[in-house]
Amino acid sequence: MSDAAPGGLADGVLFRPVRNGNAFEDTVARLLQTIRLGIVAPGGALPPERELAARFSVSRDTVRDAIKSLSDAGFLVARRGRYGGTFVSETLPTAAVPDAPPPTAAQIDDILGLRDILEVGAARAAAARELGATDRDLLWTRLAEVAVASVDDYRRLDSRLHLTIAELVGTPSLVSLVADNRTYVNQFLDGIPLLARNIQHSNEQHEAIVVAILTGSPERAADAMSEHLAGSAALLRAFLG
């Protein structure tokens, strides 16, 4: 899950086979999800078309058409030459949809309720595992990245930290569910401002979650994650509810 090239469990889950009935649409959606959730960072390279086709279990023509569509929309750029390939645009299009209806209170409750179940459970389960040096270093790295993130990059790196916590549980299906849920959460978050005090508070809560996981404290990790999600939920309901 580095900026240079995607890797890790989240990458393996998000680059999984798509459904046969809507191969093109699902390929576009899966690629867009990896971009929006920061699995491939701005400026980062996608795997080659041949590898994507194998991962998605679709034809190379389908992958090529999906890449062209996202390139036309401004999400991807092609570079030629020895170090060429398909790269995520350095500046991504805005996520806001003009005149889109605001989410209903029921929709917000549904997405945030599922988030509580998935992410509090993920924090508890990650803290209950005996993590190796590589996993521990990865978690510290993701925490440090969010702590120094610019406003423009904050939500992408925040998403990646939360996905990394899900990765550490070692259950691929969980990562997939968290990624799908986070995609919806980010759509809501894009509709509210990023508040400086909230970023500071979130970073403090992130540290508490990570420390609890690394010290093997499942209930403390779950409580810290629950408190963190409650803060985000309160802002979302205040601005969108």
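**Exercise 1.** Determine whether serine 159 is buried or exposed, and find its contacts.

*Solution.* Step 1: the relative accessible area of serine 159 is 0%, so the residue is buried (buried means under 20% relative accessible area, exposed over 50%, partly exposed in between, with a 1.4 Å probe and protein chains only). The model is predicted: local features need pLDDT of at least 70 and side-chain atom pairs pLDDT 80 or more, while totals for chains, interfaces and linings use all residues. Residues are numbered from 1 along each chain as its sequence is written, and side-chain values use heavy atoms, without hydrogens and water.

Step 1: serine 159 sits in helix 7 (residues 151–168); helices are DSSP runs of H or I with at least four residues, numbered from the N terminus.

Step 2: leaving out residues up to four places away in sequence, serine 159 touches Leu37, Arg182 and Asn186 (contact means heavy atoms within 4.5 Å).

Step 3: the side chains of serine 159 and arginine 182 form a polar contact of 3.1 Å. A polar contact is a pair of N or O atoms within 3.5 Å; within protein, one must be able to donate a hydrogen and the other to accept it, and residues adjacent in sequence count only if both atoms are side-chain atoms.

**Exercise 2.** Describe how helix 6 and helix 7 pack.

*Solution.* Step 1: the axes of helix 6 (residues 133–147) and helix 7 are 9 Å apart, at an angle of about 160°. Therefore helix 6 is roughly antiparallel to helix 7 (over 145 degrees; axes are lines fitted to C-alpha atoms over the stretch in contact, and angles run from 0 to 180 degrees between N-to-C directions).

Step 1: residues of helix 6 that meet helix 7 include Leu138, Leu139 and Arg142, and those on the helix 7 side include Tyr154, Leu157 and Leu161.

Technical notes. Helix = DSSP H or I, 4+ residues; strand = E, 2+ residues; numbered from the N terminus. Parallel < 35°, antiparallel > 145°, perpendicular 65-115°, else oblique.
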